[in-house]
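Here is a short tour for anyone who likes to check a model residue by residue. Please keep the viewer open as you read.

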Amino acid sequence: MKAYPLGHVRTPYYIRGHSGVIERVCGSFPNPEELAQMRDGLPAQPLYRVRFMQKDVWPDYGGNPADVVEIEIYQHWLEKA
Amino acid sequence: MGGQRAGKVKPTEHDYADWERRVDALSVLMGGKGVTVDERRRHIEALPPEAYDKMSYYERWIVALTQALIQRGIITTEELARKMTQVERRG
């Protein structure tokens, strides 16, 4: 996950900078960053569901170590780990 | 705004005020006319931190919708000011 991108990026702050794995491809949708500026958001951007381990996300996580959090993130907001 | 520690979440039951329901309805209607959720969120995120913290959830929404209307040239700030004065007088 890119840590400090500019623009209207919908990635939750708590997950920025963390690594996860792609769980599925959700399809392609208009780019929210462009929609936010009243443009059409085309070409559509691939959206992925990304799986993160809860214990990696929260320093004091007390739940089951196998717990996951899945977040839908656009391709251009991700970077290769 | 965003990414700051907010402490524990306090779950409380609450009912919506009539004006809040109207803001919600207006938001759906404007969505149908092409004001996307992303456009509204951009306006909310552009609020100064003090204003963001002071406003309630639906106050932020109405500010975002108003900003969208002004930016799109659908209403002018002058028209808005005139209407707000009218509403204040009405009490």
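## Ground rules

This is a predicted model, in which local features need pLDDT of at least 70 and side-chain atom pairs count only at pLDDT 80 or more, while totals for chains, interfaces and linings use all residues. Residues are numbered from 1 along each chain as its sequence is written, and chains are lettered from A and ligands numbered from 1 in the order in which they are written.

## Chain A at a glance

Chain A has two helices and three strands, these being DSSP runs (H or I, at least four residues, for helices; E, at least two, for strands) numbered from the N terminus. Their order from the N terminus is β-α-β-α-β.

Of its 81 residues, 17% are buried, meaning that 20 or more other C-beta atoms, placed from the backbone, lie within 10 Å of a residue's own.

## One side of a helix

In α2 (residues 37-45) of chain B, the residues B:Glu39, B:Arg40, B:Arg42 and B:His43 are buried. They sit on the same side of α2(B), because they cover an arc of only 155 degrees around the axis, taken from the directions from the helix axis to the C-beta atoms. The buried residues of α2(B) pack against α1 (32-35) of chain A together with α4 (57-71) of chain B.

Note on methods: A residue is buried if 20 or more other C-beta atoms lie within 10 Å of its own, exposed if 12 or fewer, and partly exposed in between; C-beta atoms are placed from the backbone. Two residues are in contact if their C-beta atoms, placed from the backbone, lie within 7 Å.
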